[in-house]
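Please read it alongside the sequence and the model.

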Amino acid sequence: MTTETLIWLIPLPPLLAFFLIVLFTNRYRGVSHTIAVGAAFLSWLGSMVVFLRAIQTHELGKHPFQSSIPWLPLGEGWFSIGVLIDPLGAATLFFVAWTILMIFIYSVGYHNYGQPEGDHDRKGLPPHGATVIDEHGHKHKVPSIEPMYSRFFAFIGLFAFGMYLLVVSDNLLTLFVGWEIMGLCSYLLIGFWYGKPSARAAMIKAFITTRVGDVFMLLGIAYLYSQTGTLSFRAILYNQEVLDTLASTPSYIAGLSAAALIGILLFIGTVGKSAQFPLHVWLPDAMEGPTPVSAMIHAATMVSAGVYMVIRIFPLLSAGSHHGALTAPMIVMSIIGAGTALFAATIAVAQNDIKRVLAYSTISQLGYMVAALGIGAYIAAAFHLITHAFFKALLFLGSGSVIHGMEHGVLHTDDHVDPQDMMNMGGLRKKMPITFWTFLIGGFALSGFPLVTAGFWSKDEILADAFGHAHYGVFITLALAALLTAFYTMRQITLTFLGEPRSKAAEHAQETAWTMTVPLIILAIFAVSAGWVGIPEHFPIIGGMVPNWFHEFVGETLLEKPKDVEFNPIPLLTSILVALGGLYLGWLVYRNLKAGQTDPLERALGGIYPVLKNKYYFDELYQLIFIRPSVWLSEVFTYLWIDRKIIDGILHFVADVSIRVGAFLRNYIDKPVVNGSGDLVADVTKSTGRSLRVIQTGRIQQYMIMALFGFIALSGLFYLIIQRMGMQ
């Protein structure tokens, strides 16, 4: 099979699984997850074959795998759609395939396949456990299987199809189709437990917030098409003449060129999809969905898709840049990205929900990538996108494993504590050793632990690029964000796994099933080894020992391969210092926290802590400036004033006038004139009939006499008429 044909087929198995589960196997849970995992495996297999062929292809950037067909008839010609795998697409396909397959396998254990149905479980709510009787006749409460088990696998199958479609697309339109499919699936999966009001609110919040960005993105796509007549990546982004034309064409808006305006509009789509400031508010609430959904959204697919898109269109964003100067979209991206990285990291230090800490961490790390792209660090941004996908998927799945273990303790002890609150955990290192070690690896990778983790190499490259090109503001901001990242990561590890248990549930937590731990182990391997492919050649001692394959390979995606930044010890020492310093501080502050004690950070930060705890009150702020005015606009202005008073008032006035006119017509025209005339005719006819009625005796003699008199009268009348006419 040719590589191009194989690329066409990669997205199809998850889509087919979605339809098979929805139409045929919804009642058969085992069959449903077999189909879903089998489909994910087929897509993974196809992706690996394509990836291996891609890395063996000489100058893949100049000669990518691509194929297209005419799709949409236009006034002149056709709009073509197709598939494209260039170096960036191949690298993205690699991490997407691995993380999606791991998430599918993990979901089998997460939703308690093989466990009995719950005593009181019902669809739309998380399972509450089932009572079983052991061989000694003792009753135990155990986890119960998810009531909507098959439905979940159908939805994540569709989700995976959307992401694969986005990655293999050769143009912005089908990328946008995959983008929107994922938006729909995130809506369905965040609100998977729709019986919870908080889940319903979160799904609506995510859908509405991301739609804001999508509208601007669609405007950017339309504007780009109007300027170029195509949406093909290769025709636009790999064509210097088209890029120069866009960069020199004025848009007549804010003095921007067409390239700059299109770039900013498309980037706003990323702000929504990748939860960047100020459209970041939906992502933490998306934790209402099941944990595999969190991993799917936060690592492998949806939020990564936003960053992938801006990396893909980087030539357009940087069009018109000369001698290292930043274009308008790049300036916007560097400010938004760096600000978001620090802003989200400060919030994460004050959160106690284990998944929400990771959610803010994701926002922060995506800000890292956006900022890197904003300063032109194309390779570093793509590198961090891939390493982050592995270790963040690992951390989310690890947090799900922790929650699973805690829920087992809650069921066993009937201790009604929040299984997601880290203040109720502690000491899980011994109870859940596989989860602990894999979570530790993921946490260290996120913190940028020096040399041995993937996160160190990708973060260090971003800091080195920022420092090397004299973007010191971005460098200092990202360094502070890295320090906070290491701090809240170690806080999370210490509160969850170290010390002594702070609740009965934590004392009785237990390790999860192999379907959950095996994906953790595999992702932990990538959380370490994925960084080895991007070690800078000029790095002291070990630089050059392993070729910087990532730079050489992904750099071919661009017309001109980016140059390596010169080695400088300052960013390296900064990177090591903030990582180790943050980790040490996190351990030092939280290592001895006992049950019932307040957070030490609360005392240290004083009045700042409630601000961080409440996420800078952005939800309240948006409630004040967007939600309340919208509600007032709809309920008071539109409904009460416009609808009830003005429109209804006009209609009521017209109705009153119509009633009065009708009453006048009825009382003065209809009744006296029309009805009166009719009644008069009827009365006269009736009276005449009544008068003539007396001659209707039924006696033939009288009728003949009357006929005779009538004949005589008519004859006389006729005679008089004839006579009068003769006299004339």
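## Packing of α17 with α23

In this predicted model, helix α17 meets helix α23 through Phe 390, Phe 391, Ala 393, Leu 394, Leu 397, Gly 398, Gly 400, Ser 401 and His 404, whose partners in α23 are Met 516, Leu 520, Leu 523, Ala 524, Phe 526 and Ala 527. By class, the residues of this contact comprise 11 nonpolar, 4 polar and no charged.

Helix α17 spans residues 378–413 and helix α23 spans residues 514–529; the two pack at an angle of about 150°, and their axes lie 9 Å apart. Because angles over 145 degrees count as roughly antiparallel, α17 is roughly antiparallel to α23. The crossing in which α17 passes α23 is left-handed.

## Packing of α16 with α21

On the α16 side, the contact is made by Ile 354, Val 357, Leu 358, Ser 361, Ser 364, Gln 365, Tyr 368 and Ala 371. On the α21 side, the contributing residues are Val 474, Leu 478, Ala 479, Ala 481, Ala 482, Thr 485, Tyr 488, Gln 492 and Thr 496. The contact of α16 with α21 divides into 11 nonpolar, 6 polar and no charged residues.

## The largest pocket

The largest pocket holds about 1,300 Å³ of space. It is lined by 49 residues, of which Phe 314, Gly 376, Glu 560, Pro 562 and Lys 563 are the closest to its centre. Two or more lining residues come from each of α9 (240–248), α14 (314–317), α17, α20 (454–468) and α25 (569–590).

Which element gives the largest share of this lining? That element is α9, with 5 residues. The lining of the largest pocket is made up of 24 nonpolar, 15 polar and 10 charged residues.

## The second largest pocket

The volume of the second largest pocket is about 760 Å³. Its lining consists of 32 residues, and those closest to its centre are Pro 126, Pro 127, Glu 407, Pro 419 and Gln 420.

Two helices already described, α16 (354–374) and α17, are the elements that give two or more residues to this lining. Helix α17 gives the most, with 5 residues. By class, the lining of the second largest pocket contains 12 nonpolar, 10 polar and 10 charged residues.

The largest cavity contains about 90 Å³ of space. Its lining is formed by Leu 84, Asp 86, Phe 233, Arg 234, Leu 237, Tyr 238, Arg 312, Pro 315, Thr 557 and Leu 558. Helix α8 (residues 233–237) provides the largest share, 3 residues. The lining of the largest cavity divides into 6 nonpolar, 1 polar and 3 charged residues.

## The second largest cavity

The second largest cavity has a volume of about 60 Å³. The residues that line it are His 280, Val 281, Pro 284, Asp 285, Arg 356, Tyr 360, Lys 615, Phe 618 and Asp 619.

Helices α11 (282–285), α16 and α28 (618–692) are the elements that give two or more residues to this lining. By class, there are 4 nonpolar, 1 polar and 4 charged residues around the second largest cavity.

Notes:
Residues numbered from 1 in each chain as written. Predicted model: local features only at pLDDT ≥ 70, side-chain atom pairs only at ≥ 80, totals over all residues. Heavy atoms only, no water. Axes fitted to C-alpha atoms, helices over the stretch in contact; angles between N-to-C directions. Helix = DSSP H or I, 4+ residues; strand = E, 2+ residues; numbered from the N terminus. Parallel < 35°, antiparallel > 145°, perpendicular 65-115°, else oblique. Left-handed = near helix turned anticlockwise from the far one by under 90°. Contact = heavy atoms within 4.5 Å. Nonpolar A, V, L, I, M, F, W, Y, C, P; charged D, E, K, R; others polar. 1 Å grid on protein atoms, 1.4 Å probe; cavity = no way out; pocket = protein on both sides within 12 Å on 5 of 7 lines; lining within 4 Å. Points joined across faces, edges and corners; volume = space filled by probe spheres on them.
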